[in-house]
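Q: I've got a model open and want a quick tour. Can you take my questions as they come?

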Amino acid sequence: MSTWSLVLCEGPHDQEFLCTLLVVAEKWSIVEGFQPPGQARSRGPTFMTAVDPSGSQRLAIAALGGVPKLLGDLGCELLRYNSATATAAAIVVDADDDGADKRVGQARELWARAGLSDSTAPQLGSLVQGKPSSALWVAPDCSSSGSLDQLIVEAARLRNPRRVELATQFVTDLARVDSHSWGPYEDKARAGAIGQRWRAGGSLASALQVRDDWMTPDIAAQPPFRPLIEFLLRVAAGQ
């Protein structure tokens, strides 16, 4: 008998990266066409579903399109409609400059608005047992300001630090020429520049499409990836 757990994240790049961690580090697979039971509406967010090697655990990862939707009505709707059948429901959100503590408060408020028990409201970096169990990961590491984009760049740095150095210089020079600050998008731009060697376009999406060239199983043993991978595995198992 297979079980499934729900993961809510911000966007397709985050969704792709979370799936990639499980594929590269844990030999999971990605399946097409999985419809989470009780999904709120036929034209909801895009799901990617990761399946463990035994086929008994599924993580349905939904990209909601940014923090306001993730922590707003759409996230609330998905939690409410899927809570009856999901083993666990997890929220993966960037700290940005707001900090982990603020995200914890927002996640617990979202849980309450979805009509779920306060006794099972999510806690930072851990799994709270319940029906469903809850979990919260605030990227990059449940303590620092920042985002999952930083982890994408770090994954590339482990494989080829020189390429990341060149990509960083490219982004810095371009910002200087254009008199424009990349601000919160700097890591996204840097990761896109890393992908130029394999696929032109300079976007983070193009870099992720060639992930096998710059993400290896070695990351499974490296911080800060190991804690995030273990978090996802706990969510999938619901314990």
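Q: Where does Ser133 sit?
A: Ser133 is in strand β7. Helices (H or I, at least four residues) and strands (E, at least two) are DSSP runs, numbered from the N terminus. This is a predicted model, in which local features need pLDDT of at least 70 and side-chain atom pairs count only at pLDDT 80 or more, while totals for chains, interfaces and linings use all residues. Residues are numbered from 1 along each chain as its sequence is written, and side-chain values use heavy atoms, with hydrogens and water left out.

Q: Ser133: buried or exposed?
A: Ser133 counts as buried, at 1% relative accessibility. Buried means under 20% relative accessible area, exposed over 50%, and partly exposed in between (1.4 Å probe, protein chains only).

Q: What does Ser133 touch?
A: Leaving out residues up to four places away in sequence, Ser133 touches Thr87, Ala88, Ala89, Trp111, Leu127, Val128 and Gly238. Contact means heavy atoms within 4.5 Å.

Q: Where is Thr87, then?
A: Thr87 is in the loop between α3 and β5. Thr87 is partly exposed, because its relative accessibility is 23%.

Q: Which residues are in contact with Thr87?
A: Beyond its neighbours within four places in sequence, they are Thr3, Trp4, Ser5, Gly130, Pro132, Ser133, Ala237 and Gly238. Thr87 and Trp4 are 83 residues apart along the chain, with their C-alpha atoms separated by 5.9 Å.

Q: Moving on to α3. Why is helix α3 described as largely enclosed?
A: Of the 10 residues of α3 (residues 73-82), 7 are buried, so the rest of the structure largely encloses this helix. The buried ones are Leu74, Gly75, Cys76, Glu77, Leu78, Leu79 and Asn82.

Q: What covers the buried residues of α3?
A: The cover includes β1 (3-9), α2 (67-70), β5 and α4 (100-113).

Q: At what angle do α3 and α4 pack?
A: About 55°, with the axes 9 Å apart. Axes are lines fitted to C-alpha atoms, for helices over the stretch in contact, and angles run from 0 to 180 degrees between N-to-C directions. The two helices are therefore oblique to each other. Angles under 35 degrees count as roughly parallel, over 145 as roughly antiparallel, 65 to 115 as roughly perpendicular and the rest as oblique.

Q: Which residues make the contact between α3 and α4?
A: From α3, Asp73, Gly75, Cys76, Leu79 and Arg80; from α4, Leu110, Trp111 and Arg113. They divide into 4 nonpolar, 1 polar and 3 charged. Ala, Val, Leu, Ile, Met, Phe, Trp, Tyr, Cys and Pro count as nonpolar, Asp, Glu, Lys and Arg as charged, and the others, Gly among them, as polar.

Q: New topic: the largest nonpolar core. Which residues touch the most other members?
A: Leu18, Leu59, Leu228, Phe231 and Val235, out of 40 residues in that core. A nonpolar core is a set of buried Ala, Val, Leu, Ile, Met, Phe, Trp, Tyr and Cys residues joined through side-chain atoms within 4.5 Å. Among the elements that each supply at least two residues of this core are α1 (12-26), β4 (57-63) and α9 (225-237).

Q: What is Leu18 in contact with?
A: Setting aside neighbours within four places in sequence, Leu18 contacts Val7, Cys9, Ile61, Val92, Leu148, Leu228 and Leu232. Another core, of 30 residues, lies apart from the largest one and has Leu64, Cys76, Leu78 and Ala89 among its members.

Q: Pro223: buried or exposed?
A: Exposed, with a relative accessible area of 63%. Pro223 is found in the loop between α8 (204-208) and α9.

Q: And positive phi outside glycine?
A: Lys27 has a positive phi of about 60°. Lys27 is in the loop between α1 and β2 (29-31), and is exposed at 68% relative accessibility. Asp96 has a positive phi near 50°. Asp96 is in the loop between β5 and α4, and is partly exposed at 28%.
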